[in-house]
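Morning, everyone. Please have a look at the model on the screen, and then I'll walk you through it.

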Amino acid sequence: MSALAPRFSTGAAVTVRTVPAESDTSSAWPSRSSWIPGAGLAAPSAAVRALGKKKEVAVVVPGTSVELVSAAAEGAALGAYAVSKAGTTSQEAVAAVALVGPADAASRKAVKRAAALGEAVAYTRDLVNLPPNLLYPETFVDSLAERIKGTKVKLKSYDMKALRAGGFG
């Protein structure tokens, strides 16, 4: 079983887990969850989005191929996004998604990639949804600096004086 905890900017820590399809899922996921048979990218995305007020949702991968696992995981990750009012946390977002299907190494890698993609898309959506009085060059740099804390990524920003000196305008 793989547990991932991407930081969706909706404020919810979304956990995406793979659960082997042949296992007893009653112990892997609480009984109060909503179970969604998934097919491709659109179905899990729409279903997770429609179940936004649920805290836990399970998506059943409709097969064993890595492509289906990837599509279901990406759909669930993208569907878990909920728009929040600027500066607040959305209460509409699904907090956890379980992916019921193959749990081999390739499937876990696909789920990890889907979680990263979902996190990146959620961050981008949050930026696009911010009004210009809250998102401007300085706040954008601050947001990036916060996101890269604890990673090997280095951030260098330039003020207008440095941009002109570098021939950028």
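Let's start with a term. A salt bridge here is a side-chain nitrogen of Lys or Arg within 4 Å of a carboxyl oxygen of Asp or Glu. Keep in mind that this is a predicted model: local features need pLDDT of at least 70, side-chain atom pairs count only at pLDDT 80 or more, and totals for chains, interfaces and linings use all residues. Residues are numbered from 1 along each chain as its sequence is written, and side-chain values use heavy atoms, with hydrogens and water left out.

So, how many salt bridges does the structure hold? Three.

Take Arg113 and Glu74. Their closest N and O atoms are 2.8 Å apart. This pair links distant parts of the chain: Arg113 sits in helix 4 and Glu74 in helix 3, 39 residues apart. Helices are DSSP runs of H or I with at least four residues, strands are runs of E with at least two, and both are numbered from the N terminus.

Is Glu74 buried or exposed? Buried means under 20% relative accessible area, exposed means over 50%, and partly exposed lies in between (1.4 Å probe, protein chains only). Glu74 has 16% relative accessibility, so it counts as buried.

Next pair: Glu119 and Arg147. Their side chains meet at 3.4 Å, N to O. Again, distant parts of the chain are linked: Glu119 is in helix 4, Arg147 in helix 5 (residues 137-147), 28 residues apart. Glu119 is buried, at 15%. Arg147 is partly exposed, at 23%.

Then Glu146 and Lys149. Here the closest N and O atoms are 3.2 Å apart. Glu146 is partly exposed at 45%, and Lys149 is exposed at 57%.

Back to helix 3. It has 14 residues. From first C-alpha to last it reaches 20 Å, close to the 20 Å expected. That expected span is 1.5 Å times one less than the number of residues. Eleven of the 14 residues are buried, so helix 3 is largely enclosed by the rest of the structure. Among them are Val69, Glu74 and Leu78.

Last stop, the core. A nonpolar core is a set of buried Ala, Val, Leu, Ile, Met, Phe, Trp, Tyr and Cys residues joined through side-chain atoms within 4.5 Å. The largest one has 15 residues. Val48, Val59, Val69, Val97 and Leu99 have the most contacts inside it. Strand 4 (56-60), helix 3 (66-79), strand 5 (96-100) and helix 4 (105-129) each supply at least two residues. Which element gives the largest share? Helix 3, with four residues.
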